[in-house]
Amino acid sequence: MKKIGFLSFGHWSAGAGSQVRSASDALLQSVELAVAAEELGADGAYFRVHHFARQLASPFPLLAAIGARTSTIEIGTGVVDMRYENPLYMAEDAGAADLLAGGRLQLGISRGSPEQVIDGYKYFGYVPAEDSTDADMAREHTAVFLQAVDGARFAQPNPRPMFPNPPGPLGIEPQSPGLRDRVWWGAGTRDTAEWTAQQGMNLMSSTLLTEDTGVPFHQLQAEQIQRFRDAWTEAGHEREPRVSVSRSIFALVTDQDRAFFGMRGREDQDQVGVIDNVTARFGRSYAAEPDELIEQLRADEAIAAADTLLLTVPNQLGVEYNAHVIESILTHVAPELGWR
């Protein structure tokens, strides 16, 4: 069995063919797609977070709204850029959203990706300490956040408080039991995957690794996953970790599918590029008739190694079509691969 969810970037634009023409459309349709995915039997609704862009940015109101409209589907992010976050305020938001969802939050966080503006986190009031990098700052914010959601009590209470306090130092409220175990880190390298395991976070890996050894992407990602699991065991954590990978996968079952995704060009093979002056390998997309698609996916070693698969969806094509994309995988592909 494999958990299957969707991952949406929440784009909106007024361009031709877009069914998501405003921020309101993006938010409301995100809720509707999560509801539809739950009805179809999908396991997760995940959302990317980008700042200074016409995409989803502030995840917690959205996650809370989805939590109130659904009852079983996991609700998550992939990922929140910790360079931009006040970790204590975020801990309050995350605790509240998780309680509203009944403990279904799966919170993906990370250092983030190249953004729309130069050093955008500085506009949010965050600057790396002297002799530190923005990646260092993201990990520092993460450490504070993890301690807060884990119930750390660190604040000296006022001797004359407005309301009675329990004895001793105070911590962030509300606390949501189990949330600490449902935090994931988006790792872009094998070394970062090992660090993720050491911190006791689940592993979230996408279709991009910021390193290249010359082997196919899915094999490099499978190695990353194995190194994560080995490091987890070595760290001595008691629970079993989770691992997700994301893929663009389209089963061509209708003429509309074939018109949209039947001619994918070079997207059906890995690509190598440069991000932030670092060589990166990008994984392929999948689009084929179900029988062919099943055989292609059977050979993807990273998908086989992960317990969770996130389907990246073209959200600007609207809720109805994206629900069809998800349903096609759940009905025509997943059973044949033993995912269902």
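The legends below describe close-up views of a predicted model.

**View 1. Eight strands form a closed barrel with parallel pairing.**

View 2. Strand E1, which covers residues 3-8, and strand E2, which covers residues 44-47, run parallel and are joined by four bridges. Within this view, Leu-7 can be found opposite Tyr-46 of E2.

**View 3. Helix H4 lies across strands E4 and E5.** Strand E4 comprises residues 105-110, while helix H4 spans 134-149 and strand E5 spans 183-186. The helix H4 runs at about 175 degrees to E5.

**View 4. Helix H5 has buried residues that are covered by several other elements.** In helix H5, which spans residues 190-198, the buried residues are Arg-190, Thr-192, Ala-193, Trp-195, Thr-196 and Ala-197. The elements that cover them include helix H4, strand E5, strand E6 (202-205) and helix H6 (217-235). Just after H5 comes Gly-200, whose phi is positive, at about 75 degrees.

**View 5. Helices H5 and H6 pack with their axes 8 Å apart.** In general, two packed helices are described by the angle between their axes and by the distance between those axes. For H5 and H6 the angle is about 30 degrees, and because angles under 35 degrees count as roughly parallel, these two helices are roughly parallel to each other. The crossing in which H5 passes H6 is right-handed. On the H5 side the contact is made by Arg-190, Asp-191, Ala-193, Glu-194, Thr-196, Ala-197 and Gln-198, and the H6 residues include Leu-220, Phe-228 and Trp-232. Sorted by class, the residues of this contact are seven nonpolar, three polar and five charged.

**View 6. Helices H8 and H10 pack with their axes 10 Å apart.** Helix H8 consists of residues 290-298 and helix H10 of residues 319-333, and the angle at which they pack is about 80 degrees, so that H8 is roughly perpendicular to H10. Helix H8 contributes Pro-290, Leu-293, Ile-294 and Leu-297 to the contact, whereas H10 contributes Ile-329, His-332 and Val-333. Six of the residues in the contact of H8 with H10 are nonpolar and one is polar, with no charged residues.

Definitions and conventions. Residues numbered from 1 in each chain as written. Predicted model: local features only at pLDDT ≥ 70, side-chain atom pairs only at ≥ 80, totals over all residues. Heavy atoms only, no water. Axes fitted to C-alpha atoms, helices over the stretch in contact; angles between N-to-C directions. Parallel < 35°, antiparallel > 145°, perpendicular 65-115°, else oblique. Contact = heavy atoms within 4.5 Å. Nonpolar A, V, L, I, M, F, W, Y, C, P; charged D, E, K, R; others polar. Buried < 20%, exposed > 50% of the residue type's maximum accessible area, 1.4 Å probe, protein only. Left-handed = near helix turned anticlockwise from the far one by under 90°. Pairing = 2+ DSSP bridges.
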